[in-house]
Amino acid sequence: MATLADSFLADLDELSDNEAVVIEEEDVDAGNMEEDVDGEMADIENLNYDDLDSVSKLQKTQRYVDIMQKVEDALQKGSDISNLGMVLEDDPEYQLIVDCNALSVDIENEIIIIHNFIRDKYRLKFPELESLVHHPIDYARVVKKIGNEMDLTLVDLEGLLPSAIIMVVSVTASTTSGKPLPEEILDKTIDACDRALTLDAAKKKVLDFVESRMGYIAPNLSTIVGSAVAAKLMGTAGGLAALAKMPACNVQLLGAKKKNLAGFSTATSQFRVGYIEQTEIFQSTPPSLRMRACRLLASKSTLAARVDSTRGDPSGNNGRALREEIRKKIEKWQEPPPAKQPKPLPVPDSEPKKKRGGRRLRKMKERYAITDMRKLANRMQFGVPEESSLGDGLGEGYGMLGQAGSGKLRVSVGQSKLAAKVAKKFKEKNYGSSGASSGLTSSLAFTLVQGIELSNPQAHAHQLGSGTQSTYFSETGTFSKIKRT
Amino acid sequence: MSYVLRTLRKKREVDTIIRDTIDKVLVLRFGRSSDPVCLHLDDALCKSAREVSKFANVVLVDIDSDEIQVYASYFDITFIPSTVFFFNAHHMKMDSGTADHTKWVGAFHKKQDFIDVVEAIYRGAMKGKLIVSCPLPSERIPKYQLLYRDV
């Protein structure tokens with residue numbers, strides 16, 4: 001059994017390799033591993049134990065005994081309305097409640113440890129049970145009922161588990177690979193189960209006590225989220241004043257499970273919800289609205305906690321009003337949107353047409369642009385009569401087309417401005433700028449065959465350049481006028 | 001159809017509505033609700049009244065009422081139904097290829113035709129014209145013969 005325990009321990013991969021090595025070397029019967037009862041680490045403990053008492057020490061502690069005693073007394077005394085005049089923190093009952101909160105967290109951890117213990121021991125008998133029954137207390141009850149029995153038809157599990165699970169358990173038990181436990185192991189296991197159940201009962205008592213007192217300590221908060229959740233929130237926050245000081249985003253996350261252990265899937269993890277998840281309002285909202293509802297609940301419960309911490313409204317009316325508000329809001333979210341009405345047509349010509357720009361549009365517009373030839377024909381020189389198609393002033397006038405000094409009659413299709421730009425870029429890219437980037441860059445084309453070519457592709461494009469375009473600083477411009485002096 | 005569009009029976013009502021419709025085309029349908037062509041027209045008017053509501057106002061005038069006979073003779077209404085268009089209390093004429101430009105005689109083939117006509121009138125009116133040309137092709141325009149008094 002020692003080797004079995006060792007191999008199981010080695011399988012637990014939560015701890016680093018160092019620790020695992022240390023464990024293997026340790027003496028098995030020593031059972032002197034320090035257990036970590038710290039509430040923060042919910043990870044699986046790596047313990048080497050044989051005796052229950054070395055594992056679960058809580059029930060022996062003085063603190064536990066004291067608090068349980070006080071709780072019993074208080075529960076028996078029944079509800080007595082503590083004097084409201086006293087400041088909350090001085091009330092001895094309040095202190096008891098704070099202790100109870102801490103204790104309930106400790107009890108929970110303790111139960112987990114005991115559950116591990118039972119599970120490890122019972123693995124020899126019925127290994128599959130731990131994957132069928134997850135809840136620690138249910139598991140303990142089932143183990144106690146089954147005991148060392150090999151035939152599950154003789155065991156009555158009614159009331160402990162849902163019927164479907166009972167069926168699955170019975171079927172699995174008939175094909176299990178386990179063997180009956182030796183006597184002392186069985187005793188220890190049953191002992192552990194008993195202890196787990198007593199701890200569970202104690203926890204319930206503690207929680208009941210806190211819940212009953214919640215109504216006096218924080219009436220508004222308990223109206224909104226319910227006394228159990230309110231008690232948990234207060235416990236985790238460390239008091240009503242501390243809870244009131246927290247911003248609502250923190251309240252939302254109180255009690256949220258830590259990041260998942262390595263290797264476990266995060267697909268099922270509820271994102272960023274804490275104890276608020278257990279309130280009935282949250283449970284009753286449809287899943288799609290749950291995140292919004294959670295935020296809403298957290299904010300309103302923070303407000304209620306603030307009211308309670310200053311004892312502003314002992315009757316709980318504020319809480320009820322907030323709860324009503326929350327309910328109304330959630331209902332409103334679930335309303336279907338209003339039906340669409342067909343819109344009337346807009347007034348004609350009221351919206352200015354959206355004009356687009358861009359290269360594509362410019363190219364398209366060039367197809368319909370006025371050509372140079374037409375431009376020349378539209379203009380006339382001063383004092384010079386124009387020629388016309390039918391001669392003598394009849395027919396269409398030719399304007400400056402064909403007149404001396406304006407170029408040829410046949411105006412070739414000049415390159416459009418866009419094409420000129422493109423050609424220039426192309427030339428620069430291919431032949432490189434010859435260093436001169438300012439002023440009068442001439443397009444010297446060095447071709448291998450014909451030697452130096454002087455070409456000026458902008459000649460026609462700039463014949464009719466716009467008046468506003470300055471040719472003085474133009475990069476592509478040419479000499480505008482050369483006079484012989 | 002009268003539950004959707006207003007029907008006027010008094011001269012004063014017609015006056016007020018012509019005066020009070022500002023910056024919107026006023027469509028006055030002269031007709032009676034028992035006539036089948038009139039019903040056809042009314043149907044188109046009802047369905048498009050809401051769509052055109054931002055730049056037009058559609059109103060029905062019952063031609064059988066006594067006070068309205070004044071208008072019937074003023075506008076020279078002989079065919080039922082006849083539709084007269086106003087904009088800012090000016091009477092708008094439309095050249096649709098028929099003999100009478102002052103009114104629209106008959107029903108429309110489709111809702112869209114009516115909307116097109118109203119839009120054309122609106123555009124023309126906003127430009128300051130008092131007569132516009134009809135945007136519909138001639139097959140969609142109901143044809144009729146004008147009766148002269150002695151012929």
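Biologist: What is the relative accessibility of A:E324, and how does the residue count?

Modeller: In this predicted model, A:E324 has a relative accessibility of 33% and counts as partly exposed.

Biologist: Which residue forms a salt bridge with A:E324?

Modeller: The partner is A:R327, and the closest N and O atoms of the two are 2.5 Å apart. Side chains of opposite charge can pair when their charged atoms come close.

Biologist: Where do A:R327 and A:E324 lie in chain A?

Modeller: Both belong to helix α16 (residues 317-333) of chain A, where they stand three residues apart, about one turn of the helix. A:R327 is partly exposed, at 42% relative accessibility.

Biologist: How many salt bridges does the structure hold over all chains?

Modeller: There are 25 salt bridges over all chains. One of them joins the side chains of B:D113 and B:R140, at 2.7 Å from N to O. B:D113 is in helix α4 of chain B, while B:R140 is in the segment after β7 (131-133) of chain B, so this pair ties together parts that are 27 residues apart in sequence.

Biologist: Of that pair, what is B:D113, buried or exposed?

Modeller: B:D113 is buried, with a relative accessible area of 2%. B:R140, in contrast, is partly exposed, at 29%.

Biologist: Which residues are joined into one network by salt bridges that share partners?

Modeller: The network consists of A:R119, A:D120, A:R123 and A:E130. Within it, A:R123 and A:D120 form a salt bridge whose closest N and O atoms are 3.4 Å apart.

Biologist: Why does A:R123 count as buried?

Modeller: A:R123 has a relative accessible area of 19%, and the buried class covers values under 20%, so A:R123 falls within that class. A:D120 counts as partly exposed, at 29%.

Biologist: Turning to aromatic residues, how many aromatic pairs are there over all chains?

Modeller: The structure holds eight aromatic pairs over all chains. Among them is the pair of B:F87 and B:Y122, whose ring centres are 5.9 Å apart and whose planes meet at 80 degrees, so the pair is edge-to-face. This pair links distant parts of the chain: B:F87 is in strand β4 (residues 82-87) of chain B and B:Y122 is in helix α4 (residues 111-127) of chain B, 35 residues apart.

Biologist: What kind of aromatic pair do B:W104 and B:F108 form?

Modeller: B:W104 and B:F108 are stacked, with 4.6 Å from centre to centre and 10 degrees between the planes. Both residues are buried.

Biologist: Which residues form one aromatic cluster?

Modeller: That cluster is made of B:F30, B:Y71, B:Y74, B:F75 and B:F86.

Note on methods
Residues are numbered from 1 along each chain as its sequence is written. Chains are lettered from A and ligands numbered from 1 in the order in which they are written. This is a predicted model: local features need pLDDT of at least 70, side-chain atom pairs count only at pLDDT 80 or more; totals for chains, interfaces and linings use all residues. Side-chain values use heavy atoms; hydrogens and water are left out. Rings of Phe, Tyr and Trp (its six-membered ring) pair if their centres lie within 6.5 Å; planes under 30 degrees apart count as stacked, over 60 as edge-to-face and the rest as tilted. Helices (H or I, at least four residues) and strands (E, at least two) are DSSP runs, numbered from the N terminus. Buried means under 20% relative accessible area, exposed over 50%, partly exposed in between (1.4 Å probe, protein chains only). A salt bridge is a side-chain nitrogen of Lys or Arg within 4 Å of a carboxyl oxygen of Asp or Glu.
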